[in-house]
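Dear colleague,

Please find below a structure that I am handing over to you. My notes on its strands follow.

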Amino acid sequence: MVLLRLRPAVSFDRPLGTELCWSENQGVQVTVTEVDADGTVTGVGFGTAAIRAEYGGYRAEATVVVNMLSAEPDELVLRVGQTAEFAIYREWPDGSKTDVTAEAEISIADAAKVSVSNGQAAGLAVGETVLEASYGGHRISVPVRVVPALVGIEWDTASIRLLPGGEFPAVVRAVYSDGQREEIDPDLIHWSSSDPEIARIDADGTIRALSPGIAELSAEYETFTAAATVRVATLLVGPVGWTNEAGETISELAAGSTVHARAELSAFEPTEAVFVLALYDRHGALVRLVSQSVEASPDFAAAAELAMKLPDGV
């Protein structure tokens with residue numbers, strides 16, 4: 001059943017309020033079941049009818065076409081080089097439909113952009129065109145849009161450095177034949193790690209560093225694969241101890257004593273870290289801090305020696 005709303009273009013030479021007189025050409029099975037201010041037309045068969053509205057000697061006419069054809073999908077979006085299926089159906093008044101793709105006459109307005117054969121459309125060149133299908137005296141048009149071909153995928157950051165416990169959001173982009181790049185939804189990517197005990201990657205693209213070492217991460221999207229390398233450095237902090245003013249190790253902190261700490265960083269490529277030794281009072285307020293920046297060269301452990309003398313009254 002098809003519902004159409006018509007607004008006839010009628011000129012009035014007397015006040016509004018008189019009812020319009022509606023009529024239809026009964027050459028096909030179309031009837032007006034109820035007419036309100038808009039003019040609601042219900043189609044109960046397939047074909048074409050002329051709907052007329054009369055008022056005060058004036059007449060307006062509209063043509064109503066009840067199409068018997070439909071298409072799935074009702075719009076095609078193809079990449080250059082990609083093929084997709086489509087179907088043309090004959091609709092019946094009871095709501096059922098019959099696939100008539102093989103019997104319908106099908107053509108493309110611009111054959112340089114799209115080719116069609118046996119219910120399949122192939123993208124040839126970027127642009128827009130229309131697929132036309134005719135069957136039983138009825139026609140249907142399907143918009144077709146051809147977009148650039150996918151030629152690869154790439155990581156935004158192919159070399160990632162983390163410390164154990166660190167996280168990093170992976171971003172992978174699709175590369176198209178026209179040079180455009182577009183971020184891919186992480187949920188559409190298949191992720192994997194060469195060593196999940198060193199670094200793993202979640203379904204949402206979050207990289208999690210677990211232990212020191214090197215792991216290769218892989219992203220797969222459609223027929224393309226791209227890799228990234230994760231290097232997880234070693235970070236050791238401690239031991240922490242304290243001495244008195246004479247430099248002797250003591251078991252309890254006291255005013256005037258000095259706190260000592262050692263931190264080590266080992267990495268597979270130049271990596272910088274900042275170590276901080278902070279002193280807080282019993283109320284959680286910061287009293288003093290010292291910091292030191294260290295840079296570890298590949299396969300080299302850099303160490304930071306931190307010392308802080310406690311102020312009087314602590």
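**Strand pairing in the model**

In this predicted model, Leu150 has Tyr176 of S20 opposite to it. Strands here are DSSP runs of E with at least two residues, numbered from the N terminus, and two of them pair if DSSP finds at least two bridges between them. Strand S20 covers residues 172-176 and runs antiparallel to S17, to which five bridges join it.

These strands belong to an open sheet of three, in the order S17-S20-S21, with antiparallel pairing. From one strand to the next, the twist averages 30 degrees (axes are lines fitted to C-alpha atoms, and angles run from 0 to 180 degrees between N-to-C directions).

Strand S9 (residues 83-85) pairs with strand S14 (residues 120-123) in the antiparallel sense over three bridges, and Gln120 of S14 stands opposite Glu85. Strand S13 (residues 114-117) also pairs with S14 in the antiparallel sense, over four bridges; there, Val116 has Ala121 as its bridge partner. Two residues lie between S13 and S14 in the hairpin that they form, and Asn118 in the turn has a positive phi of about 50 degrees.

Residues are numbered from 1 along each chain as its sequence is written, and side-chain values use heavy atoms, without hydrogens and water. Local features need pLDDT of at least 70 and side-chain atom pairs count only at pLDDT 80 or more, while totals for chains, interfaces and linings use all residues.

Kind regards
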